[in-house]
Amino acid sequence: MAEARPDKDPDAGPDAEALDAARRLFAGPCDFIAGAAKADSLPPAGLPEVALAGRSNVGKSSLLNALTGRKALARTSQTPGRTQQINFFDLGHRLVLVDLPGYGYAKAGRRAVRSWSRLIELYLKGRQPLRRVLVLIDARRGIGPHDKTAMDTLDESAVSYQVVLTKTDKLGKDEGTAEEVAERVATEIRGRPAAHPEVLVTSSATGTGIDNLRATLAALALPAQLG
Ligand code: GTP
Ligand code: MG
């Protein structure tokens with residue numbers, strides 16, 4: 001594995017070796033292990049976990065599918081609020097990817113929204129193997145009030161998280177480049193104690209940023225078995 005090198009440009013992104021290792025990890029098996037709609041149906045904690053959080057419709061399931069190269073590993077839908085349970089996927093017995101229900105979808109009814117948030121909060125605050133939460137933000141919409149509330153919770157609970165911009169292929173000319181949006185968002189979250197300073201740029205539709213995100217996730221996974 002590549003060690004952090006003092007002479008390495010921090011903006012250079014993962015090196016070829018890291019990208020290659022990540023590609024191998026994500027080319028391997030990825031299997032659904034459990035869906036939990038209630039706290040008592042969470043699978044036993046084991047491998048390191050990375051969870052995808054974000055508003056309904058932000059593209060969590062699509063990103064999971066793009067990362068794993070499967071068209072329908074996680075169900076995607078044009079109807080917000082479709083993913084109503086926490087879904088766990090085992091990636092090569094080295095990392096568990098966790099698809100969280102979207103927050104901020106009012107039409108599901110107040111009670112439903114509340115119970116999803118309670119389950120998510122319980123999971124986020126109490127999950128020992130949780131290494132990082134990816135907070136997905138629609139590049140066109142930026143950080144909204146629900147995202148701020150979610151990041152407040154993560155900051156208060158000292159759960160490490162990283163912002164990932166989604167749907168960057170949909171940015172219009174007058175909205176700036178994905179990198180400019182990422183810079184604005186990075187400035188906005190500066191000072192949040194549990195936020196990773198680097199904001200990642202992705203598009204599940206075109207594949208932009210997927211390799212980089214894979215490398216970020218591979219660095220959080222258990223090391224590959226030798227031999
Ligand atoms: P919930 O499970 O309801 O919280 O939604 P989600 O966050 O899982 O969103 P999902 O992946 O289902 O995507 C919602 C919609 O956005 C779908 O119509 C996707 O096809 C679309 N979408 C997701 N990612 C992208 C992207 O990178 N580019 C474009 N153009 N559309 C996307
Ligand atoms: Mg979903």
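# Briefing: fold, cores and aromatic pairs

Among contacts in the protein chain between residues at least 6 apart in sequence, 73% join residues at least 24 apart. Keep in mind as you look around that this is a predicted model. The protein chain has six helices and seven strands, and from the N terminus on its elements run α-β-β-α-β-β-α-β-α-β-α-β-α.

**Surface and burial**

- Of the chain's 227 residues, 45% count as buried.
- The accessible surface comes to about 12200 Å², and carbon and sulfur atoms account for 50% of that.

**Nonpolar cores**

- In soluble globular proteins, nonpolar side chains tend to be buried together.
- The largest nonpolar core here has 38 residues, of which Leu100, Tyr123, Val133 and Leu165 touch the most other members.
- Helix α5 (residues 178-189) gives the most to this core, contributing six residues.
- A second, separate core holds 26 residues, including Val50, Val58, Leu67 and Leu134.
- Leaving out residues up to four places away in sequence, Leu100 touches Ala51, Leu52, Ala53, Lys60, Ile86, Ile120, Tyr123 and Leu124.

**Helix α2 and the residue after it**

- Helix α2 (residues 60-68) is mostly covered, with seven of its nine residues buried.
- The buried residues of α2 are Lys60, Ser61, Leu63, Leu64, Asn65, Leu67 and Thr68.
- Just after α2 comes Gly69, which takes a positive phi of about 65°.

**Glu49, a buried acidic residue**

- Glu49 sits in strand β2 (residues 49-54), and it counts as buried because its relative accessibility is 2%, under the 20% cut-off.

**Aromatic pairs**

- The structure holds two aromatic pairs.
- In one of them, the ring centres of Phe32 and Phe89 are 5.6 Å apart and the planes lie at 65°, so the pair is edge-to-face.
- That pair links distant parts of the chain, with Phe32 in strand β1 (residues 30-36) and Phe89 in strand β3 (residues 86-91), 57 residues apart.
- Phe32 is partly exposed at 47% relative accessibility, whereas Phe89 is buried at 2%.
- The rings of Phe88 and Tyr123 have their centres 5.9 Å apart and their planes at 75°, so this pair is edge-to-face.
- Here too distant parts of the chain are linked: Phe88 belongs to strand β3 and Tyr123 to helix α3 (residues 110-126), 35 residues apart.
- Phe88 is buried, with a relative accessible area of 0%, and Tyr123 is buried at 1% relative accessibility.

Methods. Residues numbered from 1 in each chain as written. Chains lettered and ligands numbered in written order. Predicted model: local features only at pLDDT ≥ 70, side-chain atom pairs only at ≥ 80, totals over all residues. Heavy atoms only, no water. Core = buried A, V, L, I, M, F, W, Y, C linked by side-chain atoms within 4.5 Å. Buried < 20%, exposed > 50% of the residue type's maximum accessible area, 1.4 Å probe, protein only. Helix = DSSP H or I, 4+ residues; strand = E, 2+ residues; numbered from the N terminus. Contact = heavy atoms within 4.5 Å. Areas by Shrake-Rupley, 256 points an atom, 1.4 Å probe, with all protein chains shown as cover. Phe/Tyr/Trp six-rings, centres within 6.5 Å; stacked < 30°, edge-to-face > 60°.
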